[in-house]
Amino acid sequence: MTNLLKVEFYKLKRFWIGYIGMLFMFGVGYIYGDTRIGNREFAMPDHMSDAFSATVSDTSFVFLIAIIAALFIGRDFSNRTIGNEIKLGYSRTHILLSRMLAAGAFSILLHMVYIVSALIGFCMVIGFDTSLFRLRNLL
């Protein structure tokens with residue numbers, strides 16, 4: 001299982017569509033934070049916290065994250081990687097689990113890039129404060 005995970009994360013490092021997706025998510029997140037969230041009227045003591053909540057709960061780019069993760073996994077069928085791994089003796093459960101872990105980690109990374117870039121765009125308009133680091137945001 002660890003060998004499969006090493007291979008999956010190596011393939012993620014060389015997945016150039018993923019880098020383009022991260023750049024796109026960063027750009028869109030920054031624009032969203034700068035124009036959409038930055039122009040809203042937030043309660044002054046919690047404005048950073050409210051912007052964080054609005055960004056985390058935004059699901060408008062879930063389809064893009066799913067498409068990029070599907071492209072990452074789907075390339076293995078054309079390269080016959082899965083068939084070769086089955087021939088080497090790995091179980092189908094471990095192969096599927098390693099693919100799911102790598103795609104899930106990459107999806108989380110894409111979403112975190114979006115959140116951080118939206119908060120950077122928001123801070124450029126409103127300013128940074130420490131209300132982001134509260135217990136309710138962690139929950």
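The legends below describe close-up views of a predicted model.

**View 1. Helix 6 from end to end.** Helix 6 covers residues 92-125, a run of 34 residues. After helix 6 comes Gly127, with a positive phi near 115°.

**View 2. Glu8 and Lys11 within helix 1.** A salt bridge joins the side chains of Glu8 and Lys11, with 3.1 Å from N to O. Both residues belong to helix 1 (residues 2-13), and they are 3 residues apart, about one turn of the helix. Residues three or four places apart in an α-helix point the same way, because there are 3.6 residues a turn. Glu8 has a relative accessible area of 0% and is buried. Lys11 has 15% relative accessibility; because the cut-off for buried is under 20%, Lys11 also counts as buried.

**View 3. Arg99 and Glu8 between helix 6 and helix 1.** The side chains of Arg99 and Glu8 form a salt bridge at 2.7 Å, N to O. This pair links distant parts of the chain, with Arg99 in helix 6 and Glu8 in helix 1, 91 residues apart. Arg99 is buried, at a relative accessible area of 3%. Through shared partners, the salt bridges join Glu8, Lys11 and Arg99 into one network. The count of salt bridges in the model is 2.

**View 4. Phe15 and Phe106, an edge-to-face pair.** The model has 2 aromatic pairs. One of them is formed by Phe15 and Phe106, with 6.3 Å centre to centre and 75° between the planes. The pair is edge-to-face because the angle between the planes is over 60 degrees. Phe15 lies in the loop between helix 1 and helix 2 (16-37), whereas Phe106 lies in helix 6, so the pair ties together parts that are 91 residues apart in sequence. Phe15 counts as buried at 1% relative accessibility, and Phe106 is buried with a relative accessible area of 6%.

View 5. Arg99 in helix 6 pairs with Glu8 in helix 1. Phe106, also in helix 6, pairs with Phe15 in the loop between helix 1 and helix 2. The contact of Arg99 with Glu8 is a salt bridge, while that of Phe106 with Phe15 is an aromatic pair.

How values were computed
Residues numbered from 1 in each chain as written. Predicted model: local features only at pLDDT ≥ 70, side-chain atom pairs only at ≥ 80, totals over all residues. Heavy atoms only, no water. Helix = DSSP H or I, 4+ residues; strand = E, 2+ residues; numbered from the N terminus. Expected span 1.5 Å × (residues − 1). Salt bridge = Lys/Arg side-chain N within 4 Å of Asp/Glu carboxyl O. Buried < 20%, exposed > 50% of the residue type's maximum accessible area, 1.4 Å probe, protein only. Phe/Tyr/Trp six-rings, centres within 6.5 Å; stacked < 30°, edge-to-face > 60°.
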